[in-house]
Amino acid sequence: MDPLRLPMAQLIKIPVTPGVDWVEAPGVGLRVLCGAPADAVKHLMKRGLISPREERGVTFESGPNAILLSDVMLQNGQFANLAEFPVLQMFYRQGMILPNHPNNTGRRPLIIGLPEQVKAQTQYIFRGNYGLLSKREMMQEGLDEETAEIMMRIKLRFAFGQIRPPQDLLDLRMLEDDPLEIHPGVMLRRLALNVFEFAHADETVTVDLNLGPEGQYEAPYTLGFQRIQREYFGVVHSGDGDGWDPTRPAMSSLLNHQGRIYLVDAGPNLLTVLNALGVSVGEIEGIFHSHSHDDHFAGLPTLMRSGRRIKYYAAPLVRASVARKLAALLSVEEERFADYFEIHDLTLGEWNDVEGLEVRPLLSPHPVETTLFQFRVLWEEGYRTYHHLADTVRFDVLRAMGRESPMGAPVPQAFIDQVEADYLAPADLKKVDIGQGLIHGDAADFRQDASRKIILSHSARPLTNDEMSIGSSAPFGVADVLIASKAEAARRLAFEYLRGYFPLAPAHQLRALLNAEFLQVNPGALILKQGERHSEAWLLVSGSVEMLRAGQKGRHLLPTGAIMGEISLLRGEPSPAAFRAASFVEALRLPQTLYLDFVRRNGLLARIERTHDIRAFLKSTEVLGEEISFSTQTRIAESVVRRILPEGALLERDEAPMLSLIKSGRASRLLWDQRLEELGPGDFFGEEAAVFDSPCLFRLRADTPLELYQIPGETLRDAPGVRLKLLEAHQRRMQGAAFRHSMGRMLQWDERCAVNVLRMDIQHRHLLEVAGMVMDGVITEGPSPMTLQAFRELIRYAMDHFRQEEALLREFDFPAIELHLSHHAQMEREVSQMLLRLEGESPPVSGQEFADFMERWVVNHIRTDDRQMGEFLNSQGVY
């Protein structure tokens, strides 16, 4: 062998970005994207792992042909699995699904992962491709039958005549406990949660998809800092790219009205975008949402991490499409969407008044439910207007839908004419999608548009000369002012923050504080130094500020409304931390003499000191360390109940559901008599009952004397960022417990339990998780008070599930409904008798008998009756 020529590697691993790796087996043509957070495709483009190719005269892209999913859906509040765009890249930009394409060899993209993650991704991709699936679903959201019929015709044209479930297009591989052959000669096994080993020939590589406690998925681009002005009515252009542009954020806008900030859509890397614009998440009043594709959708978790429910404005059919896609991702029921957003449905085709900002959503043809937005604000000479046209359709594509086709009935000409008229309605400022292709717009269609200014957007390429003769470009952060502000928005915001913090203080005293100066701070500048004595505190009005301590890892972002240096000013002590601007910042100076007088006059010192100390601890914890609004932090701190447990004591469940945080000491989280996890300061317990209304199956044992801070669950219900963190932790814990309990493993959810109806699959999975743990408890401890209570709660959950299932079957006239109902009735009688026997009636129940009963009662019914139900519902377009 030539000594200068090395043998070809059997396996190649390339780190791409935190949480994402590339593994390739070149000898067998396997290319695996390991981890699929937002914009993973753009990261591959930047690394050269996706690049242009030409074969037989056809130009296309290279790229992955397999995706390894994260074991968990969320990491540090961010989506870990967003496979929609990687799959679309394989289908269309690589050509794996295109007729007569050299890459269309019959090979389907591989999706690999835990069964629940693969299932979640298939449902999410399904909803991402099609949105609402039937006229019935559209009419449930208020669309009349005629319009619903037109929208279904359009949907089928985009879908080439058929809505196909992703199982028909993807090769789905479930990676459970045992090694899995994912390609001839290539084995994959899980070493630990989110840690995997690939093996091929005599080589192995290990992939770790965990981000770590403070890790974040990174944006593929760098944005310069901008300082935006809060106008009476204006638009800041926060993105002009599309889902394939690795250098710019996707098409979006920030809308200013009376100093308040609204988003129009929320694409990937929203936190990066907002930080560059000097806006914190807490400053967002609401979002106007056009549709559910990832380049307009993937920023929603950032908004969900807010300390309050941000207002969500959309037409009902768009809201329903988004809620169902989000529910699939999080493996929760779609009603939970309202836990994270304050929903405001907009009436289609009519002007809706949003505190003086009027908005009219209009239908726009697209594969998923989509609206364009027309905004207007009344001013002295009439209305000033902004039209936002995200994901439009080319006029030639639209007009072709009016002709007969094998792919479906024609779209009425009157509807086509109305869409064109809506697109071309004149505005003072109009932003339009010119992405071209089958599902995007074309600048040429707007050549005769009478709008005063047109912004051309949603494209990954430079504008052509023809396009530049039609409209303008808008670099990141550029603003168009439609009505200039004559008032000081900063003082109004500062007053709102002070009123939220001091609700009982007289207004004239708050106005006295407002008479101080405002500080404008550049990114990276220190506002207060650690260890420095200071003669003022600072109220954060806008932007992002980091609090950090020398010698300690980590930093915390302060929410707007926080007062920097407050407690050290009141105590006359040096600042215990440094405060540094992470973006452009505006802050109100609070002079010591004035602020001390205000605090003393209102008797606030004891309250401020107590809530500050509790807030400081809460901010140091993982679950409450996110950017929670200052008023929410204070409300949570004021609700805290301190509790002491002696060594060896057990905490099972409280009468009122409480989230318990360990202030000091060590403890163990137990499932019956089995130790699952060691907990220490900052860790928490009890989230399942406190927040998710789930049976409390775990116990906390004090391994040393234990000091707890307990927060009533009701206090956390309006803190969506905390709920999202707790959901992430709860899913990890339930997953870990399911792997640990022994007899209950026979009740684990697998593909044989899938009915392919999202709501039912979510409920079945939860039913099996809880039933498995209850089974272990009864076998381990017998019918103890705790196991009996858990069994009763399991029965209550099952009965509620039965009622929902029966309502669905009645709605769709299931032919075998009477038989199904009789089986439910029999199951209810059987479980009632089992409960009576466990409570003491004869004959007693052995562990094996209870295990056999639970398997028969839960698993057999799902795998037989419910699978039959699922097949029928799928045939009716219900998924």
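Select helix 5, residues 145–158, in this predicted model. Its buried residues are Thr-147, Ala-148, Ile-150, Met-151, Met-152, Ile-154, Lys-155, Arg-157 and Phe-158.

Now show what lies over them. The cover includes helix 3 (115–130), helix 4 (135–140) and strand 22 (357–363). Helix 11 (395–400) and helix 12 (413–424) are also part of that cover.

Check the length of helix 5. At 1.5 Å a residue, its 14 residues should span 20 Å. The end C-alpha atoms are 20 Å apart, so the two values agree.

Go to the ends. At the start of helix 5, pick Asp-144: one of its side-chain oxygens comes within 3.1 Å of the backbone nitrogen of Glu-146. After the helix comes Phe-160, with a positive phi near 55 degrees.

Next, select Lys-119 in helix 3. Is this lysine buried or exposed? Lys-119 has a relative accessible area of 6%, so it is buried; the cut-off is under 20%. Display its contacts beyond four places in sequence: Gln-167, Trp-749, Glu-751, Ala-754, Asn-756, Asp-761 and Arg-765.

Last stop: helix 25 (residues 817–838) and helix 26 (residues 847–875). How do their axes cross? They come within 12 Å and cross at roughly 165 degrees. That makes helix 25 roughly antiparallel to helix 26. The crossing is left-handed.

Colour the residues where the two helices meet. On helix 25 they include His-820, His-823, His-824, Met-827 and Glu-830. On helix 26, look for Phe-850, Phe-853, Trp-857, His-861 and Asp-865, among others.

Key. Residues are numbered from 1 along each chain as its sequence is written. This is a predicted model: local features need pLDDT of at least 70, side-chain atom pairs count only at pLDDT 80 or more; totals for chains, interfaces and linings use all residues. Side-chain values use heavy atoms; hydrogens and water are left out. Helices (H or I, at least four residues) and strands (E, at least two) are DSSP runs, numbered from the N terminus. The expected span of a helix is 1.5 Å times one less than its number of residues. Buried means under 20% relative accessible area, exposed over 50%, partly exposed in between (1.4 Å probe, protein chains only). Contact means heavy atoms within 4.5 Å. A polar contact is a pair of N or O atoms within 3.5 Å; within protein, one must be able to donate a hydrogen and the other to accept it, and residues adjacent in sequence count only if both atoms are side-chain atoms. Axes are lines fitted to C-alpha atoms, for helices over the stretch in contact, and angles run from 0 to 180 degrees between N-to-C directions. Angles under 35 degrees count as roughly parallel, over 145 as roughly antiparallel, 65 to 115 as roughly perpendicular and the rest as oblique. A crossing is left-handed if the near helix is turned anticlockwise from the far one by less than a right angle, and right-handed if clockwise.
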